[in-house]
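This briefing goes with the sequence and structure shown below.

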Amino acid sequence: MQELKGKTVLLLAPKFFGYELEIKKELEIYGSKVFLYDERPKNDFFTKVCIRLNLKSFISKNIDKYYKNIIEETKNIKIDYLFLVNPETIDQKVIEYIKKLNPNIKVYTYMWDSIKNKRKSLDLLPISDKFFTFDSSDKEIDSSIKFLPLFYIRDYENVSKKKEYKYDISFIGSVHSDRYSIVKQISKSKFNMFMYFFSPSKILFLIQNILYNEFRKIEKDDISFVSLDKKEIIDIIENSKSVIDIEHPMQNGLTMRTMEMLGAKKKLITTNKNIRDYDFYNDNNIYIIDRNNPIIDKDFINSEYQELDINIYEKYSLRNWIKNIFEGER
């Protein structure tokens, strides 16, 4: 792709299960030189809470110092693209300064959280040359916002098929909203299940337990505060006939897990009814459940996965995701 060959990309993305590294790697495969920085100054609990609750004034000095260091380290480099992935911390002033140092720079922003949940991200819309979202309903906010679903990475293309599986259904994911209660309801059926519930912080889990009724129903022994690594996740998926994904009730976009299962050619059980609007939807491969009454037909679990058209399959790869963002106007 000519737009990236020989170009320099300043990539600012949160640390998110290694996906920031996968994006960097794919940009480099296209021929660009990439400088990757965490979009957040730190990943400790206090910093994350201040950013998420829009209390950045409490850590403003740390944020200023962090971005001054990034600017200092890159000020003598000609940057062609500033690529912002799910930004929460950077502000217009920093971007304006980077643009001043690089007058011909293009600024591309991609949100993998719904904008209605992160309204401050709209501050970056006027300063972005392209602004993308994973949630199709976000397009209604502003006509200049482009819809682009998430992606699967190369590792999931290599998930092997088995004749025998350890699990009928597996679930791996962080605890939020009604996710835990839905999965636990499904576990009462006569399916062989693997379940892994993750919380990034004991303190956060304690606060959620105090604030939210749903969290008071959670058995603490069911929660792990250590995330599985990519190899462990892929091993569980390889040994599962199907995988559950439950999106946040406040989002319409398809999750990363949904796209991973597309890449792995695995059966998906989901609460997201919007999946019917996508060209890869096949009711033999995807089973939509009711959040309030999650019943699964065993015939769905036992039937074979039906292969998709190769053009549809390739469309949702990370390499094509990058192509959609960096190629000329769409």
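How many salt bridges does a search of the whole structure find? The search finds 24, where a salt bridge is a side-chain nitrogen of Lys or Arg within 4 Å of a carboxyl oxygen of Asp or Glu. The model is predicted, so local features need pLDDT of at least 70 and side-chain atom pairs count only at pLDDT 80 or more, while totals for chains, interfaces and linings use all residues. Residues are numbered from 1 along each chain as its sequence is written, and side-chain values use heavy atoms, with hydrogens and water left out.

- Side chains of opposite charge can pair when their charged atoms come close.
- Lysine 118 forms a salt bridge with glutamate 88, with the closest N and O atoms 2.7 Å apart. This pair links distant parts of the chain, 30 residues apart: lysine 118 is in the loop between β4 (106-111) and β5 (130-133), and glutamate 88 is in the loop between β3 and α4.
- Lysine 118 is buried at 12% relative accessibility, and glutamate 88 is buried at 13%. Buried means under 20% relative accessible area, exposed means over 50%, and partly exposed lies in between (1.4 Å probe, protein chains only).
- Lysine 75 forms a salt bridge with glutamate 72, with 3.0 Å between the closest N and O atoms. Lysine 75 is partly exposed at 39%, and glutamate 72 is partly exposed at 47%.
- Lysine 120 forms a salt bridge with aspartate 123, with 2.9 Å between the closest N and O atoms. Lysine 120 has a relative accessible area of 47% and is partly exposed; aspartate 123, at 32%, is partly exposed.
- Salt bridges also link Glu22, Lys25, Asp155 and Lys230 in a network.

**The sheet**

- Six strands form an open sheet with parallel pairing, in the order β2-β1-β3-β4-β5-β6. Helices (H or I, at least four residues) and strands (E, at least two) are DSSP runs, numbered from the N terminus; two strands pair if DSSP finds at least two bridges between them.
- β2 (33-38) and β6 (145-147) stand at the edges with a single partner strand each, so one side of each has no neighbour in the sheet.
- From one strand to the next, the twist averages 20°. Axes are lines fitted to C-alpha atoms, for helices over the stretch in contact, and angles run from 0 to 180 degrees between N-to-C directions.
- β1 and β3 run parallel and are joined by four bridges. Valine 9 stands opposite tyrosine 81 in β3.
- α4 packs on the sheet and touches β1, β3 and β4, and its direction makes about 160° with that of β3. Contact means heavy atoms within 4.5 Å.

- Phenylalanine 17 is not a glycine, yet its phi is positive, at about 50°. Phenylalanine 17 lies in the loop between β1 (8-13) and α1 (19-29).
- Asparagine 86 also has a positive phi, near 50°, and lies in the loop between β3 (81-85) and α4 (92-101). Asparagine 86 is buried, with a relative accessible area of 4%.

**Surface patch**

- Ile203, Leu206, Ile207, Ile210, Leu211 and Tyr212 form a nonpolar surface patch with about 610 Å² of accessible area together. Areas come from the Shrake-Rupley method with a 1.4 Å probe, and for residues only the protein chains shown count as cover.
- Patches are made of residues with over 30% relative accessible area and no salt bridge; like charges are joined within 9 Å, and nonpolar side chains (Val, Leu, Ile, Met, Phe, Trp, Tyr) within 5 Å.
- Leucine 211 lies in helix α7 (residues 202-211) and is exposed, at 55% relative accessible area.
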